[in-house]
Amino acid sequence: MESSDRQKSYRDSLRKLKQFSKNKRFTWILAVLTFTLPVNVVLQAQPSLAQVVTAQIPALDKNIIYVNPKTGDDSQTGEKFAPFKTITQALKVATSGSTIKLASGTYSQETGETFPLVIQAKITLKGDADNQGYNTVIQGGGYFISPTGAGQNVAIAALKDAAGITGVTVTNIQSRGHGLWLESSSPEIVSNTFTRNGNTGVSVNGNSSPVIANNYFYNNSGNGLLVYGTSQPQVTDNTFKNTGFAVSVVQNAGATLTKNTFDGNRIGIILEGNSQAVLRDNEIINSMDSGLTAIADSQVDLGTSSEPGNNAFRSNRKLDIQNATKNEIVAVGTQTSGQTEGDINFESGEFTALSNSTQDLSPLSPLPSADKPSVAQLELPAPVPVSAPAPVSAPAPLPIPTIGTTANPSLPAPPPVTEPNTGNKELVFTAASSVPTAETAQPQPVPFPPTISSSYSNPVKYKVLVEALDSHEETEVRSLYPEAFETVFEGQSLLQIGAFNNRDKAKQAERSLAKIGLATYFLE
């Protein structure tokens with residue numbers, strides 16, 4: 001009976017197929033075949049072409065904003081093939097958690113930037129980390145009112161929950177200019193270059209706990225890294241070179257310094273106030289004054305019996321370590337090759353840290369009304385208590401010269417360092433042998449360590465400066481004037497060929513340089 005039913009069903013299906021064939025409705029064959037296939041075979045059918053193409057297209061990351069100062073346009077969308085021209089515009093549209101991806105080039109006022117650039121809301125600024133930002137240059141500065149530091153001139157301000165800055169070069173040539181200012185924020189500052197900042201490369205303020213790693217601090221006039229307030233940065237694998245004070249830790253701040261290199265700075269590390277620092281596996285060499293100086297009530301851990309420091313101090317001109325505090329410096333496992341001063345224990349001991357004070361922070365002094373550097377002037381920050389400043393308008397920006405952006409930029413050595421003016425005599429710190437006297441300058445007073453020496457010299461009436469644009473021109477200048485040295489005038493890096501009491505001789509020197517096509521400056 002069942003066999004008969006199956007045969008009947010088969011004949012009915014065959015009859016229907018023949019009928020469909022006569023009517024040329026072949027497409028229904030698929031439906032009939034599908035009807036006779038198992039259900040699980042139907043469910044395993046191949047995806048459509050649209051489904052395959054869609055699967056191969058990566059989803060757009062709406063949190064990446066692209067910027068290119070050469071090909072970008074702020075009227076575009078900020079996508080990879082339609083980048084903005086300025087970081088300023090990218091920051092306007094960035095949402096929380098965004099990454100602003102920077103193409104190589106120079107980002108400055110001339111390319112449309114408005115300074116300071118303010119980073120917050122978990123935003124990351126990202127350039128070329130592999131080359132520490134040598135080809136991605138942020139250059140400029142603008143007026144910024146800090147809750148803890150009054151009015152300052154800042155290129156980049158990282159506030160609140162800023163996420164990070166990586167792979168950029170930051171330059172602010174203003175005489176009191178800061179490259180990166182952290183205001184009670186804890187971003188990751190990784191693989192950047194901070195150079196030619198008139199005051200400080202990175203200033204850490206308020207209650208910040210950033211990670212500062214694998215950065216290159218070079219030729220910053222005042223400080224490479226300045227740590228204020230109750231901040232506690234982790235400073236690892238950085239290079240500090242040819243700077244005034246490479247790292248300054250002041251007020252109630254604390255810093256952990258690990259595997260850093262300090263080379264050719266005026267002072268490698270200086271601690272003031274109630275500050276503290278822990279040093280491990282650092283190399284501090286070729287300082288023009290001291291490798292490390294501790295004054296006031298500061299404390300330093302250079303290594304303990306339970307955790308040797310493995311720090312190395314070598315070839316520092318005057319002192320490897322200077323302890324001008326009443327606290328013992330424990331330095332177990334730290335190696336010195338030069339002289340030390342003060343109470344330093346290399347044999348055994350443990351470090352007992354002070355608890356950070358929660359007292360109100362003394363603000364930094366405000367910017368002057370005219371932010372313009374003097375010849376060879378070095379601005380040195382000091383925590384001088386002042387009342388909160390009234391709102392003031394931002395100072396007019398100075399012209400910003402273009403700096404080298406090759407993989408190995410040729411940057412000049414820092415200018416001579418001047419100490420506070422004392423009447424009609426000038427205290428001059430000579431950063432190199434046989435450096436002529438600079439213009440009388442009046443930086444704000446700072447508590448200099450007693451070992452910093454000074455020399456007195458009579459003022460001169462005339463000076464000749466020359467702009468050498470490359471190594472060839474610099475060689476030409478030095479062939480005529482071997483004693484020429486690098487200095488800063490109106491924000492530009494120049495060579496000073498001499499200081500003259502006789503105007504005719506000064507003018508003659510100026511004419512000799514002008515004859516070979518060099519731009520000169522005559523000061524009187």
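Strands, as the word is used here, are DSSP runs of E of at least two residues, numbered from the N terminus. With that convention, the place of serine 287 can be given as the loop between β25 (283-285) and β26 (290-294). The model described in this report is predicted, and every value below is computed from it.

**A buried serine in a loop**

Although serine 287 belongs to a loop, its relative accessible area is 1%, and because buried means under 20%, serine 287 is buried. When neighbours within four places in sequence are set aside, the contacts of serine 287 are Gly264, Asn265, Arg266, Gly268, Ser315, Asn316 and Arg317.

**The open sheet**

Ten strands make up an open sheet with parallel pairing, and their order is β3-β6-β10-β13-β16-β19-β22-β25-β28-β31. The edges are taken by β3 and β31 (335-336), each of which has a single partner strand, so one side of each lacks a neighbour in the sheet. Within this arrangement, strand β13 (residues 193-195) pairs with β16 in the parallel sense over three bridges, and threonine 193 stands opposite tyrosine 216 in β16.

Another member of the sheet, strand β28 (residues 312-314), contains phenylalanine 313, which counts as buried because its relative accessibility is 1%. Phenylalanine 313 and threonine 336 are 23 residues apart along the chain, yet their C-alpha atoms are separated by 4.8 Å. Threonine 336 is also one of the contacts of phenylalanine 313 once neighbours within four places in sequence are left aside, and the others include Ile284, Leu292, Leu302 and Ile321.

**Strand β24 and its partners**

Strand β24 (residues 276-280) is mostly covered, with four of its five residues buried. Strand β21 (residues 254-258) pairs with β24 in the parallel sense over five bridges, and in this pairing glycine 254 stands opposite glutamine 276. Strand β27 (residues 299-301) also runs parallel to β24 and is joined to it by three bridges, with alanine 277 standing opposite valine 300 in β27.

In soluble globular proteins, nonpolar side chains tend to be buried together. In this model the largest nonpolar core has 56 residues, of which Ile138, Ile156, Leu225 and Leu292 touch the most other members. A second, separate core has 13 residues, among them Val466, Val477, Leu495 and Phe522. Returning to isoleucine 156, and not counting residues up to four places away in sequence, one finds that it touches Leu117, Ile119, Leu125, Ile138, Ile165, Val170, Gly179, Leu180 and Trp181.

**Aromatic pairs**

| Pair | Arrangement | Centre to centre | Angle between the planes |
|---|---|---|---|
| Tyrosine 134 and tyrosine 216 | edge-to-face | 6.4 Å | 85° |
| Tyrosine 216 and tyrosine 218 | stacked | 5.7 Å | 20° |

Tyrosine 134 lies in the loop between β5 (124-126) and β6 (136-139), whereas tyrosine 216 lies in strand β16 (residues 216-218), so their pair ties together parts that are 82 residues apart in sequence. Both tyrosine 134 and tyrosine 216 are buried, the latter with a relative accessibility of 18%. Tyrosine 218 is buried too, with a relative accessible area of 10%. Elsewhere, Phe194, Phe217, Phe240 and Phe262 form one aromatic cluster.

**Details of the backbone**

A few places in the backbone deserve a separate look. Phenylalanine 115 and proline 116 are joined by a cis peptide bond, with omega at about 0°, and proline 116 lies in the loop between β3 (105-108) and β4 (117-119).

Glutamine 132, which is not a glycine, has a positive phi near 50°. Its place is in the loop between β5 and β6, and glutamine 132 counts as buried at 17% relative accessibility. Asparagine 214 likewise has a positive phi in a residue other than glycine, with a value near 60°, and is placed in the loop between β15 (211-213) and β16. At 35% relative accessibility, asparagine 214 counts as partly exposed, because that class lies between the 20% limit for buried and the 50% limit for exposed.

Notes
Residues numbered from 1 in each chain as written. Predicted model: local features only at pLDDT ≥ 70, side-chain atom pairs only at ≥ 80, totals over all residues. Heavy atoms only, no water. Core = buried A, V, L, I, M, F, W, Y, C linked by side-chain atoms within 4.5 Å. Buried < 20%, exposed > 50% of the residue type's maximum accessible area, 1.4 Å probe, protein only. Contact = heavy atoms within 4.5 Å. Pairing = 2+ DSSP bridges. Phe/Tyr/Trp six-rings, centres within 6.5 Å; stacked < 30°, edge-to-face > 60°.
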